[in-house]
Every structure is written in C-alpha cells, then in structure tokens.
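Open your viewer and get ready to click along. We will take the tour one selection at a time.

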Amino acid sequence: MKKIIEKNYDVTVKRGCINSKTTEEDFILKIKEEVEEFIEANKFGLVTENEELADIILVCLNYAKHYGIDIKKELKQKINKNKKRL
C-alpha cells in the first residue's frame, strides 16, 4: 500500500495538481468532484464507474499523504472499531 500511496502522490505532484499551497479545501472540492462523477457514472451505467471509484480513493490517499496521516493505521483502527459494533 505504501508504494501505491507514494507513486500516486508523486505522479499527482508532477502533473502540477498538488503543491505546497494545496489546501484542505482544494482536496475536499476534488473529492466532491470525483464523487459526483462516480454518481453520474453509476446513474447512467457508464463503464467508467470503477475508474471513478478509484479516483475517489486516490484523491483521499493524496489528502492523507499530504497531511501526514498514516492512512493504513487509520483504516485498521476503523475496521477494528466496526468489528466491535457487531
């Protein structure tokens, strides 16, 4: 997972989509945009639905990387929390 996160972030930075001035609001707006694209693809049965879902995940991973969030740890903790809800 670490390699995917690093590669995704590096590619996005090289494309000029992320830099030191990228704000939380920028990330949130991008996540919103990708969710809207996913909803539209789902609604109309477009073949891009899976790609749009991947886009959402990749933007979220970039957010975590940009702000130093250990997303692997957070995911594990959330899964364990959800297990306790059973």
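**The whole chain**

Starting from the N terminus, the elements of the protein run α-α-α-α. That makes four helices and zero strands; helices (H or I, at least four residues) and strands (E, at least two) are DSSP runs, numbered from the N terminus. This is a predicted model, where local features need pLDDT of at least 70, side-chain atom pairs count only at pLDDT 80 or more, and totals for chains, interfaces and linings use all residues. Residues are numbered from 1 along each chain as its sequence is written, and side-chain values use heavy atoms, with hydrogens and water left out.

Of the 86 residues of the protein, 19% count as buried. Buried means under 20% relative accessible area, exposed means over 50%, and partly exposed lies in between (1.4 Å probe, protein chains only). Now think about contacts, meaning heavy atoms within 4.5 Å. Among those between residues at least 6 apart in sequence, 60% join residues at least 24 apart.

**The nonpolar core**

Next, select Tyr9, Ile18, Phe27, Val59 and Tyr63, the five residues of the largest nonpolar core. Such a core is a set of buried Ala, Val, Leu, Ile, Met, Phe, Trp, Tyr and Cys residues joined through side-chain atoms within 4.5 Å. In soluble globular proteins, nonpolar side chains tend to be buried together.

Zoom in on valine 59, which sits in helix 3. Why does valine 59 count as buried? Because its relative accessibility is 11%. Leaving out residues up to four places away in sequence, valine 59 touches Phe27, Lys30, Ile31 and Glu34.

Then click on tyrosine 63. With residues up to four places away in sequence again not counted, tyrosine 63 touches Glu24, Phe27 and Ile69.

How many disulfides does a search of the whole structure find? It finds zero, where a disulfide is a pair of cysteine sulfur atoms within 2.5 Å. The sulfur of cysteine 17 is 15 Å from the closest cysteine sulfur, in cysteine 60, so the two are too far apart for a bond. Color both by accessibility: cysteine 17 counts as partly exposed at 44%, and cysteine 60 counts as partly exposed at 33%.

**Two pockets**

Switch to a surface view. A pocket here is an open set of points on a 1 Å grid over the protein atoms alone, where a 1.4 Å probe fits, with protein on both sides within 12 Å along at least five of seven lines; lining residues have an atom within 4 Å of a point.

The largest pocket holds about 310 Å³ of space. Of its 15 lining residues, the closest to its centre are Thr12, Cys17, Lys30, Val59 and Asn62. Helix 1 (2-14), helix 2 (24-43) and helix 3 (49-66) each give two or more residues to this lining.

Finally, find the second largest pocket, with a volume of about 180 Å³. Its lining includes Met1, Ile5, Leu61, Ile69 and Lys72. The elements that give two or more residues to the lining of this second largest pocket are helix 1, helix 3 and helix 4 (71-84).

Notes. Points joined across faces, edges and corners; volume = space filled by probe spheres on them.
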